[in-house]
Amino acid sequence: MKRTPFADWPCSIARSVDLLGDWWTPLVLREAFYGTRRFDGIQRNLRIGRNILTQRLKRLVEEGMMERVPYQERPQRYEYVLTEKGRDFFPVLAAMMHWGDKWLSPDGPPINLLHHDHGTHAEVVCAECREPLELRDVSATLGPGFPERLRSRPDVAGRFPDDSSANGR
């Protein structure tokens with residue numbers, strides 16, 4: 001079955017899912033966050049097929065989330081290093097981890113995160129006022145990247161007000 005591509009949808013969630021939405025890619029990134037950089041180490045830790053891991057790493061490199069860096073000349077071997085774009089995905093995985101700890105781990109968190117010398121978990125806060133983002137307090141408006149040709153469609157106009165003051169236009 002061919003999957004629907006979301007890369008061109010006017011939605012950052014859809015675009016993110018297009019890149020990161022299979023079950024292996026976030027786990028490959030998790031391994032990188034835990035410090036595993038080499039193909040064999042990632043494969044061993046995930047117990048993933050070489051062909052699948054090769055595809056995921058290739059895509060992450062193409063998308064600029066990881067960089068292939070040689071660590072041995074003969075034979076040529078590479079390790080996979082997170083780029084700034086890749087490191088910026090860490091809060092997303094930390095938030096998924098916190099949600100999974102709360103709702104899917106009845107015996108407690110399988111892994112603890114430490115921030116300097118204390119335990120922590122992810123918390124999504126408002127970039128302006130620093131209060132936690134709660135669904136009941138947040139609304140969505142069209143942003144400057146939403147295609148002009150789609151703004152007047154009834155399904156769009158009915159769901160998202162075009163509030164230029166909220167999105168910097």
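A salt bridge is taken here as a side-chain nitrogen of Lys or Arg within 4 Å of a carboxyl oxygen of Asp or Glu. By that criterion the structure holds eleven salt bridges. The structure is a predicted model, in which local features need pLDDT of at least 70 and side-chain atom pairs count only at pLDDT 80 or more, while totals for chains, interfaces and linings use all residues. Residues are numbered from 1 along each chain as its sequence is written, and side-chain values use heavy atoms, with hydrogens and water left out.

In the pair formed by D22 and R56, the closest N and O atoms are 3.0 Å apart. Helices (H or I, at least four residues) and strands (E, at least two) are DSSP runs, numbered from the N terminus. The two partners are classified by relative accessible area, where buried means under 20%, exposed over 50%, and partly exposed in between (1.4 Å probe, protein chains only). D22 is partly exposed at 25%, whereas R56 is buried at 17%.

A second salt bridge joins the side chains of R37 and E79, with an N to O distance of 3.3 Å. Because R37 is located in the loop between α2 and α3 (39-46) and E79 in strand β2 (residues 77-82), this pair ties together parts that are 42 residues apart in sequence. R37 is partly exposed, with a relative accessible area of 39%, and E79 is buried, at 14%.

The salt bridge between D40 and R50 has its closest N and O atoms 3.6 Å apart. This pair links distant parts of the chain, with D40 in helix α3 and R50 in helix α4, ten residues apart. D40 is partly exposed, with a relative accessible area of 48%; R50 is likewise partly exposed, at 48%. Elsewhere, salt bridges that share partners join D18, R59 and E63 into one network.

The nonpolar interior comes next. In soluble globular proteins, nonpolar side chains tend to be buried together. A nonpolar core is defined as a set of buried Ala, Val, Leu, Ile, Met, Phe, Trp, Tyr and Cys residues joined through side-chain atoms within 4.5 Å. The largest such core has 18 residues, of which L29, L57 and M66 touch the most other members. Each of α1, α2, α3, α4 and β2 supplies at least two residues of this core. Leaving aside residues up to four places away in sequence, L57 is in contact (heavy atoms within 4.5 Å) with V28, F39, I42, M66 and Y80.

E84 is found in helix α5 (residues 84-87) and counts as exposed, at 57% relative accessibility. The C-alpha atoms of E84 and M65 are 7.3 Å apart in space, although the two residues are 19 apart in sequence.

The cysteines remain. A disulfide is a covalent bond between the sulfur atoms of two cysteines; the criterion applied is a pair of cysteine sulfur atoms within 2.5 Å. A search of the whole structure finds zero disulfides. For C11, the nearest cysteine sulfur is that of C126, 20 Å away, and C11 counts as partly exposed, at 30% relative accessibility. C126 is also in no disulfide, the nearest cysteine sulfur being that of C129, 3.8 Å away.
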